[in-house]
Structures are given as C-alpha cells and as structure tokens.
Amino acid sequence: MPRQNRVTPAGEIIAAAERGTFMGNRGVLHDEQGNIKRAWQLKRWLVCVLEFRGRKRTVMTPGRYTELFFLDEATALAAGHRPCAECRHKSYVAFRDAWKSGNPGIAGSQRPSADVIDQQLHLDRLTLNRLKRSFIATLRELPSGVFVKREGQGRQAFLLWGDCLLAWSPGDYRQLLPRPGYEKVLVLTPKSTVCAIQAGYVPQVHVSAGLM
C-alpha cells in the first residue's frame, strides 16, 4: 500500500503509488507508525532533489522530517514550497532573485533572506484557519507554470502551460485543453510565487507536459 506522502497542487498530502520527480519537507508530520498527523510543522516548506551527495534516508523515520514527493516543481510551488538553498542552490538563487523582482513591496531593495520569503509564503498559502489560500484572476493575467481550478471542474487542478491547460494527476498530465484568456479561475499557486514566475522564474514541469 502506498504511503501518504504525495502532495497535490492544492497542498494536500495524499497516498499515491507514483514516486514523483522532486522531494521536499515541511517538518515532522508523521507519527511512529508512519501516519500523517498534521499538514505542516515549520514555515520553511522546501522542494528538493531526490538524490544529493549520496545521502540515504529511510522514509518516515520516527522523529525525522517527513519526506514529501511531488509530480514536478510546478506542483510543489503551487502547494506553497520553494527551492531548497542547499540541494537546489542554483534554483534557489534564481527563485530568490525573481521573487525580489516580482515582489518589490515585500522584498525591498535588498535580496530577501530565506526567512523573509518563507514568512510571506506562509501568509500566501494558508488562511487563518489553516486552509489553502487562493485568489481569483483571469487566465490572461497569469504566467505559464501556475496552477488553477476552474468553475464546474470540482477538485481538478490545471497547469497553465503556454496556450494550454493541462489536467494534473499524481503520475502525469492527462488532458490538454485550450486556454480561454478571459475565464476567471481560482489560483492555487501562492501570489508572491506567481509574481516570481511573472518576473522570470521558470518552474520545472513533468516530461508528460511536453508530450501532449
């Protein structure tokens, strides 16, 4: 039976058989039996590579951070994570610089620290009652690489990619639809991350996005 450690674009932690292409963490979320007991522990939500410098971990070791897995980086960013400064340092620097350019009112004139970014992301991704925070926008306002939900499509999340909408699943993107420019949608990707993407940060997406 698959573990409950896969993350959706809405930030939910689900059980799915597919491994994913990125790993990340939000602190210690599981108990000694490997059951998820909370959605997050820390404000520092990271997205990491699957392998780094030969380090080995036993998934869901008691008392250690919970290994979470994502279909791709775009999924992780939508859930509220950001690149790890250690194992994805080049991506972290690119994200930080784009985040500064896209959020001048928050970042100020200096390069923002990881703490500044994490604090704002925490405000952007969760409401006061710890539910997923989202906002309304039209598709024409949004850059490629962000996730949205459409009216009448239930819980299905869609990745904006070029002139298309790609339907997300835990293992791949399974449907390609045209992107109607003036449709209003619910944006899942945190607002400050959307601004970073608009300022030039390009999320890595699953190979299936290029096969449709």
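1. Start with I136, which stands opposite L186 in β12. The strands β7 and β12 pair in the antiparallel sense over 4 bridges; two strands count as paired if DSSP finds at least two bridges between them. Strands here are DSSP runs of E with at least two residues, helices are runs of H or I with at least four, and both are numbered from the N terminus. L186 also has K149 opposite, and β8 (residues 147-149) pairs with β12 in the antiparallel sense over 2 bridges.

2. A quick word on what you are looking at. This is a predicted model, in which local features need pLDDT of at least 70, side-chain atom pairs count only at pLDDT 80 or more, and totals for chains, interfaces and linings use all residues. Residues are numbered from 1 along each chain as its sequence is written, and side-chain values use heavy atoms, with hydrogens and water left out.

3. Now zoom out to the sheet. Those strands belong to an open sheet of 6 strands in the order β7-β12-β8-β9-β10-β11, with antiparallel pairing. At the edges sit β7 (135-138) and β11 (173-178), each pairing on one side only. On average, neighbouring strands of this sheet are turned by 40 degrees against each other, direction ignored. The axes behind such angles are lines fitted to C-alpha atoms, for helices over the stretch in contact, and angles run from 0 to 180 degrees between N-to-C directions.

4. At the β11 end, β10 (residues 164-168) and β11 pair in the antiparallel sense over 5 bridges. Follow that pairing and you will find L165 opposite L177 in β11.

5. Which residues of β12 are on its covered face, and which on the uncovered one? For β12 (residues 184-187), V185 and V187 are on the covered face, while K184 and L186 are on the uncovered one. As background, side chains in a regular strand alternate between the two faces of the sheet.

6. Have a look at T138, which lies in strand β7. T138 counts as buried because its relative accessibility is 15%; buried means under 20% relative accessible area, exposed over 50%, and partly exposed in between (1.4 Å probe, protein chains only). Leaving aside neighbours within four places in sequence, T138 is in contact with G181, Y182, E183 and K184. Contact means heavy atoms within 4.5 Å.

7. On to the helices. Helix α2 (residues 89-102) has 14 residues and reaches 20 Å from its first C-alpha to its last, close to the 20 Å expected at 1.5 Å a residue. That expected span is 1.5 Å times one less than the number of residues. The buried residues of α2 are S91, Y92, F95, R96, A98 and W99, and what covers them includes α1 (73-79), β6 (82-83), α3 (104-107), α4 and α5.

8. Helices α4 (residues 114-125) and α5 (residues 191-198) pack at an angle of about 115 degrees, with their axes 7 Å apart. Q120, L121 and D124 of α4 make the contact with K191, S192 and T193 of α5. By class, that contact has 1 nonpolar, 3 polar and 2 charged residues. Here Ala, Val, Leu, Ile, Met, Phe, Trp, Tyr, Cys and Pro count as nonpolar, Asp, Glu, Lys and Arg as charged, and the others, Gly among them, as polar.

9. The buried residues of α5 are S192, T193, V194, A196 and I197, and their cover includes α1, α2, α4, β7 and β12. After α5 comes G200, with a positive phi near 125 degrees.

10. M60, with phi near 60 degrees, lies in the loop between β4 (46-48) and β5 (68-70), and counts as buried because its relative accessibility is 5%. R130, with phi of about 70 degrees, lies in the loop between α4 and β7, and counts as exposed because its relative accessibility is 56%.

11. C48 is buried, with a relative accessible area of 7%.
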